[in-house]
Each structure stands twice: as structure tokens, then as C-alpha cells.
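This report examines selected local features of the structure shown below.

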Amino acid sequence: MQNTASFRRLFPFLSWPRPTLQSLKQDAWAGITVGLVLIPQAIAYATLAGMPPQTGLYAALLPSLVGILWGSSALLAVGPVALTSLLVFGTLSPLAVQGSQEWIALAIWLSLYSGVMQLLLGVFKLGGIASLVSQPVITGFINAAAIIIVVSQLPALLGLPELLSGSLSSIIEYLQSHSADVVLNSIFGFASLTLLLVLKYRLPRFPGMLAVAVLSIVISWAIDYAAQGGAIIGIIPSGLPPLALPPPISLDAHRELLPAALVLALISFTEAMSSCRILARKKQERWDENQELVGQGLAKITSALSASFPVSGSFSRSALNLYAGANSAWSTLFSAACVLLCLLFLTDFIYYLPRSVLAAMIIVPVFNLFDMRALRKFFDISRDDGTVAAVTFLVTLLAMPRLHWGVFAGIALTMVSYLYRRTHPRIIEVSVHPDGTLRDTRRFDLPPLSADVLAVRMDEALNFLTGTTLERFVIARCSTETGIRRVLLCSSPLNDIDASGVSSLEILLSTLQSLGIELYMSAIKKQVWDVLEKAGMIDAIGRDHVFSTDSEAILAMQSSIGKPV
């Protein structure tokens, strides 16, 4: 039995439920629906990543199968996505010429590195490390990325290749010499953009992206769009992906890729994790973040071996999969079959797809990423979180094309904010509230617990970050208020203590004793008690000065009688 369980952990797809004829029909319909949307999206996102169009289809084939076979979310659609493609483009822009063999080689290694990182995190059950990328960081990065994606597609949408890279004079010169080409490309681009938006909001169930792609291809072929100056996808090699080891790159290139691969691994998994949570809630199923990391990592490694770029979980296609009635992971097999048929038989048809239409197909889904209200909400909730989101947003924009610096800046500021809050814990004087509990004396305007008693509560663990602050607070109060003869440390919020915390408590006890003041503690949690007892602090304070509950402490302080635990 143990061997069987281990075998199933290595091959989780063996635990898939056996499909029925009815469930297969539903999965087939959902899978084909997603597959027909996936084909134009995969080509579009390959373009966004600066890769040849066929690599998008390669990324949509084997990696999607591996991701679902070794992942934990049955309906997660794995494949090319906008954010990951943008990170690829941003990482490689300073390192190579877009679309060159060196660019492709770097993208393959980036996929391999990020996949290995995710795989190791999953194998060693470190999925929680994704929490380092907090929600403010994610929100700030996604909003900045959405702006960058839209702006990056304007040259293709308008038919102005030098719009972002050339000077104003060169752009004007290009417009004068290629005015007809610009007008033709712009008409196709804006018509596609308008039609996609209308279909998205008026007919959300209609496969608008597929319809626009097919319609534009037919019109492009009929009017000989390329001969009239329109930019098209061009030749896409047919056949299966060329499975091979990554090509060699320089040592400096490896060094450049590693930090970007780490950010890509964290961002892409956070994106996939959000989809998994929503799918699990909708289907009332459990999912395992560590197993999903394994699946996502293996999918990226497979993409690298397929001569393609990194993949991730797609929220939009996963939602479509669920909406179309998918019951199990079998739907992904049907989606992959659609991609396979396209690679084998439809590449000549896709040849005529206008690049301005591809740009429109990239821009429209990106509109869903804009969420400026969330940025304002963070400021309403917490100034620190709002600042983290704003800094991530700005640094991502300013660091373009090295987008990963925005994430690093956000994570660093999150850590600084976290440490600052922990080194400035909330420490208050408490007294008896009419409901019998100990509450903040200032907030509720309460009299002291007793004339000679200072009752203190710190809402934080007692450790190397907080111990000195607590020590200073108590000693400062005792120094300025000479009538204090007893200090009660209400310990119910203290859920942890380390060696530094014990040391601070020892110093506090010694200082108070030198001032002729007694130290009492109440409501100590078990894990804190165990540490204090091992350190000998329970006996040092005195067992008759330690109370099991705050109620016992209140009675003792008010009656001036110590009661042992």
C-alpha cells in the first residue's frame, strides 16, 4: 500500500477518476472550445515574447499536457500567458536582438531555469515561499505590466514599426513614405480591436478571438493584404515541436537569466495559484500548491525542451474551461489535440493572419489586468501596502525592459515594511473593562488596575525584534511614575519567544528588582511557558508571580495577593 501511495505521488494522474461517456462529451466540448481560443492566443503571446509564432503553438502542446498530468488542479489551463510572455520580452531585450537565434536560445534557458526553480520548490514542499510576493506587489506589477503590454503593441497595431524606437523625425518620414501601408494596417488593427471589444461585452459566450482571427485571415487572403503593404505572420513551419536540449549560451548570459528566472517563477506561480484557488472554490475540490509547483515546473522544463518559452496557468482560459462545462483534466487533452491538428494541417492557413490583428488580440485580454481601484484600496487599508504597490508599479515602468526589478523592489520594500512594523509593536497599558476583560486604558478611559500597578500588554511575539522595545517601554514608565511597585505583563498575545526575548525578560526583571519593583506575568501560552521554564525564568520570576489567567491576575493585583499557578 505504501509503495502504491508513493507511486501515485510520483504520477498523480493515476488518481484521476475514470471518465464516463457523458463526462467525456462535456470535456471534449470544453476542451475544443478552449483549444480554438488557445491557438490564436498562443501565436499572439509568442509575438509578445519576441519569439517566432510557431513557438507559441509548441508551448501550447506538450507543456499543457505535462502541466495537467503532474499538477493538482484538474481544470487549470497551462500554456502561453501575457504576463509571462512580457517578462520574457523584458528580460531578453537588453541581451539579444528580438527574434534572433540568440534570443530564442535565451528564452529556452529562461524557461528551463524558472521550471527547475519551481520544480525544486514543489519537491521540497516550499510552496509557501510564493507568499513573499505579496498582493500589493502583484497588483502594482500587473497594472504596470498591462500598460507596458498595450504600449508595446501600438507599433504593430498602427503599422508603425519605429513608433517606440525611432525619433520623431524618423516616424514622420516613415509616415510620409509608407502612408498607405500605415492606413491599411491601422484599419485592420482598429477594426479587429473594436470587434473584439464588442463581442467580449455583448456576446461573452461567443468565441470572439477565434472568429476575428478566421475573418481577418480570410479577408487578408482575399485582398492579398501582404502585397498591399500589410504585415502578416508569414510562414509557420508545420509539424511537431523539435525536441532537443537547450543550445549553448555564454556564462554571462546564464548569470543575467538567473534573477529574472526567479522572478518569473514566483510571478507565474502566483498567477497560477490565484486560478487554482478560484477553480477549487467553484468545483469544491482540494488542490495542493506544492504538487502544482511540480506541475508548473515540469511544464516549463518541457517547454524548454520543445524549443519554446516559459508557460504558466491562464486565468482566462481556465475560466472558459470551467464555463464550457469541463469536468476533469481530460478537457486539456482535447485542447492539446486542437493545437496538434493546427500544427500539422493549418499552418498554411495561419500564414495570412495580419500582425495588427495579433496586436489587437493581445491588447483586449490585457484590459482585464487593469485594476487601479485596487491600488487606491491598498492606501485606504494600509499606507504601507499602498506604498509598496505604488513603488512596484513605478519601478516596473521605469525599469523597462528589466521588469523583474519592479518585483525585487516591491519584495524588498515589503520586507522593510514588515520589519519596521515588527520592531514597533503595539504596547499598551491595560485595566479592567466593565465586561471583566483587560482593555486599553486610553481607548476606554479606564482607571489603573491598582494604584501601584502597571499592567502592560504587547500585541506581538517576544523576540529579537520586539524585546528591547518592551523593555524600554516598561522601564520608562517605571522611571517617570515613582508610585509603581508592581508590573503585570499580560502575556496572552505572546505566541512565541526566542533567546533574545528571554534575554530581554531577564534584563527587565533585573532592572525592575533594582528599582524595588516586582514583575508578574499572566495567561502564558504553552509554547512560551515551555521556553521560559527551560530557561529558568519561571522560577526567577517566582511561581507565585505567574497566573494562569488574566482573571486571576486581576484579583491578585487588586487584592495585593499573589496566587501561584
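In this predicted model, Glu 533 is partly exposed, with a relative accessible area of 37%. The side chain of Glu 533 meets that of Arg 543 in a salt bridge, at 3.0 Å from N to O. This pair links distant parts of the chain, 10 residues apart: Glu 533 belongs to helix α21 (residues 526–534), and Arg 543 to the loop between α22 (537–541) and β8 (546–547). Arg 543 is likewise partly exposed, with a relative accessible area of 37%. Both values call for the intermediate class because that class lies between the limits of 20% for buried and 50% for exposed residues.

Three of them, including the one just described, are tabulated here.

| Glu 533 | Arg 543 | 3.0 Å |

Asp 440 is buried, with a relative accessible area of 13%, whereas Arg 426 counts as partly exposed at 39%. Both residues also take part in a network of salt bridges that links Arg 426, Asp 440, Arg 457 and Asp 459.

Where do Glu 429 and Arg 477 lie? Glu 429 is in strand β3 and Arg 477 in helix α19 (residues 467–480), so the bridge ties together parts that are 48 residues apart in sequence. Glu 429 and Arg 477 are both buried, which means that each has a relative accessible area under 20%.

The helix packing contact concerns α2 (residues 21–48) and α3 (residues 53–70), whose axes are 7 Å apart and meet at an angle of about 125°. The two helices are therefore oblique to each other, because an angle between 115 and 145 degrees falls in that class. The crossing of α2 past α3 is right-handed. On the α2 side the contact is made by Leu 38, Ile 39, Ala 42, Ile 43 and Ala 46, and on the α3 side by Pro 53, Thr 55, Gly 56, Leu 57 and Ala 60. Eight of the contact residues are nonpolar, two are polar and none is charged.

The peptide bond from Met 400 to Pro 401 is cis, with omega near 15°, and Pro 401 is located in the loop between α16 (383–398) and α17. Ala 307 has a positive phi, near 60°, although this residue is not a glycine; its place is the loop between α11 (289–305) and β2 (312–314). Asp 445, also not a glycine, has a positive phi of about 55°. Asp 445 lies in the loop between α18 (441–444) and β5 (453–458) and counts as exposed at 69% relative accessibility.

Finally, Arg 205 is placed in the loop between α8 (179–202) and α9 (208–223). At 70% relative accessibility, Arg 205 counts as exposed. The C-alpha atoms of Arg 205 and Ala 324 are 9.0 Å apart in space, while the two residues are 119 apart in sequence.

Terms used: Residues numbered from 1 in each chain as written. Predicted model: local features only at pLDDT ≥ 70, side-chain atom pairs only at ≥ 80, totals over all residues. Heavy atoms only, no water. Buried < 20%, exposed > 50% of the residue type's maximum accessible area, 1.4 Å probe, protein only. Helix = DSSP H or I, 4+ residues; strand = E, 2+ residues; numbered from the N terminus. Salt bridge = Lys/Arg side-chain N within 4 Å of Asp/Glu carboxyl O. Axes fitted to C-alpha atoms, helices over the stretch in contact; angles between N-to-C directions. Parallel < 35°, antiparallel > 145°, perpendicular 65-115°, else oblique. Left-handed = near helix turned anticlockwise from the far one by under 90°. Contact = heavy atoms within 4.5 Å. Nonpolar A, V, L, I, M, F, W, Y, C, P; charged D, E, K, R; others polar.
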